[in-house]
Amino acid sequence: MNGLNEEDLKKNVKDKDTWLRFIYLVMFGVVFYLCSLLAFATSVFQFLSKLFSGSVFEGLAEFGDNLAAYLSQVIRYMTFAADEKPFPFAPLPGKKQP
């Protein structure tokens, strides 16, 4: 950030795309929090399944893998490491495209 003058600052503050990104950031922050709770519940359920039956649910393990990939996409978008918005603006990870 070298030589940011007042004109550039006003232009940046008024940039609608930046403010729209902020709205998405807040929305995906809530989604991330809820998905984290879901991931925790899934892991506890898998632990209990392993504890009592000696095995885990393969479908739930796949769900956890897809959820981790989705959370990775959300974090990458929120931290500006990627510009592509995650689901519902893009396909869910792990889903086969037609």
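Six aromatic pairs are counted in this predicted model, where rings of Phe, Tyr and Trp (its six-membered ring) are taken to pair if their centres lie within 6.5 Å, and where planes under 30 degrees apart are called stacked, those over 60 edge-to-face and the rest tilted. Because the structure is a predicted model, local features are reported only at pLDDT of at least 70 and side-chain atom pairs only at pLDDT 80 or more, whereas totals for chains, interfaces and linings use all residues. Residues are numbered from 1 along each chain as its sequence is written, and side-chain values use heavy atoms, with hydrogens and water left out.

The pair formed by Phe28 and Phe89 is edge-to-face, since the ring centres are 6.3 Å apart and the planes stand at 70°. Phe28 belongs to helix H2 and Phe89 to the segment after H3, so that this pair links distant parts of the chain, 61 residues apart (helices are DSSP runs of H or I with at least four residues, numbered from the N terminus). Phe28 counts as buried at 0% relative accessibility, while Phe89, with a relative accessible area of 43%, is partly exposed; buried here means under 20% relative accessible area, exposed over 50% and partly exposed in between, with a 1.4 Å probe and protein chains only.

Phe45 and Phe57 form a stacked pair, with 5.7 Å from centre to centre and 20° between the planes. Phe45 lies in helix H2 and Phe57 in the loop between H2 and H3, so this pair ties together parts that are 12 residues apart in sequence. Phe45 is partly exposed at a relative accessible area of 45%, and Phe57 likewise counts as partly exposed, at 44%.

Ring pairs also join Tyr24, Phe28, Tyr77 and Phe89 into a cluster. Tyr24 touches Tyr77, Lys85 and Phe89 when residues up to four places away in sequence are not counted, a contact being heavy atoms within 4.5 Å. Two charged side chains accompany these rings: the charged end of Arg21 sits over the ring of Tyr77, 4.0 Å from its centre, and Lys85 lies over the face of Phe89, 5.7 Å from the ring centre, the criterion being NZ of Lys or CZ of Arg within 6 Å of the ring centre and within 35 degrees of the ring normal.

Terms used. Helices (H or I, at least four residues) and strands (E, at least two) are DSSP runs, numbered from the N terminus.
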